[in-house]
Amino acid sequence: MFFTTSRQTIEKNREAYLAMYDKSHLLVQLDQLIDWQSILKKLMRYYSNTPI
């Protein structure tokens, strides 16, 4: 089942992850450059909102 997470929860998790990892790490830097909301919008059409 696919579900969305609130923006507030995502930001809270991201802050926790950034506290655990080196901020100069390449993957952390890439994460900050990616527009995850636009990716989510493009992928939403492939998921049903109704439970199985």
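Me: By class, how many residues in the lining of the largest pocket are nonpolar, polar and charged?
Reply: Keep in mind that this is a predicted model. The largest pocket is lined by twelve residues. Sorted by class, that lining comes out as eight nonpolar, two polar and two charged.

Me: Okay, and which residues lie nearest the centre of that pocket?
Reply: The pocket we're talking about has a volume of about 240 Å³. Out of its twelve lining residues, the ones nearest the centre are I10, R14, W36, Q37 and L40.

Me: Which elements give two or more residues to the lining of the largest pocket?
Reply: First, the inventory: the protein has three helices and zero strands, in the pattern α-α-α along the sequence. The elements giving two or more residues to the lining are α1 (7–20) and α3 (36–43).

Me: Let's switch to charges. How many salt bridges does a search of the whole structure find?
Reply: One joins the side chains of R7 and E11, at 3.3 Å from N to O. Another joins E11 and R14, at 3.4 Å. R14 also meets D31, at 3.0 Å. The search of the whole structure gives a total of three.

Me: Where do R7 and E11 both lie?
Reply: These two side chains meet in a salt bridge. They are four residues apart, about one turn of the helix. The helix that holds both of them is α1.

Me: How many residues apart are E11 and R14?
Reply: E11 and R14 make a salt bridge too, and they both lie in helix α1. Their spacing is about one turn of the helix, and in residues that is three.

Me: Which salt-bridge pair links distant parts of the chain?
Reply: Look for the salt bridge with an N to O distance of 3.0 Å, which is formed by R14 and D31. One partner lies in helix α1 and the other in helix α2 (residues 26–33), 17 residues apart. The pair is R14 and D31.

Me: So which residues are linked in a network of salt bridges?
Reply: Just follow the shared partners. E11 pairs with R7 and also with R14. R14 in turn pairs with D31. The linked residues are R7, E11, R14 and D31.

Me: Is D31 buried or partly exposed?
Reply: The cut-off for buried is under 20% relative accessible area, and exposed means over 50%. D31 has a relative accessible area of 22%, so D31 is partly exposed.

Me: And R7 and E11, how do they count: exposed or partly exposed?
Reply: R7 has a relative accessible area of 43%. For E11 the value is 27%. Exposed needs over 50% and buried needs under 20%, so R7 and E11 are both partly exposed.

Me: Now the surface. Which helix gives the largest share of the nonpolar patch?
Reply: The patch covers about 1,000 Å² and is made by L26, L27, L30, L33, I34, W36, I39, L43, Y46 and Y47. Both α2 and α3 supply at least two of its residues. The largest share is four residues, and it comes from α2.

Me: Is L27 buried or exposed?
Reply: L27 is found in helix α2 and is one of the residues making the nonpolar patch. Its relative accessibility is 57%, and the cut-off is over 50%, so L27 counts as exposed.

Me: Last one: what percentage of the 52 residues is buried?
Reply: The protein exposes about 5,100 Å², with carbon and sulfur atoms supplying 60% of that area. A residue counts as buried under 20% relative accessible area. Of the 52 residues, the buried ones make up 4%.

Terms used
Residues are numbered from 1 along each chain as its sequence is written. This is a predicted model: local features need pLDDT of at least 70, side-chain atom pairs count only at pLDDT 80 or more; totals for chains, interfaces and linings use all residues. Side-chain values use heavy atoms; hydrogens and water are left out. On a 1 Å grid over the protein atoms alone, a cavity is a set of points where a 1.4 Å probe fits but cannot get out, and a pocket is an open set with protein on both sides within 12 Å along at least five of seven lines; lining residues have an atom within 4 Å of a point. Grid points are joined across faces, edges and corners, and a volume is the space filled by probe spheres set on the points. Ala, Val, Leu, Ile, Met, Phe, Trp, Tyr, Cys and Pro count as nonpolar, Asp, Glu, Lys and Arg as charged, and the others, Gly among them, as polar. A salt bridge is a side-chain nitrogen of Lys or Arg within 4 Å of a carboxyl oxygen of Asp or Glu. Buried means under 20% relative accessible area, exposed over 50%, partly exposed in between (1.4 Å probe, protein chains only). Patches are made of residues with over 30% relative accessible area and no salt bridge: like charges are joined within 9 Å, nonpolar side chains (Val, Leu, Ile, Met, Phe, Trp, Tyr) within 5 Å. Accessible areas come from the Shrake-Rupley method with a 1.4 Å probe; for residues, only the protein chains shown count as cover.
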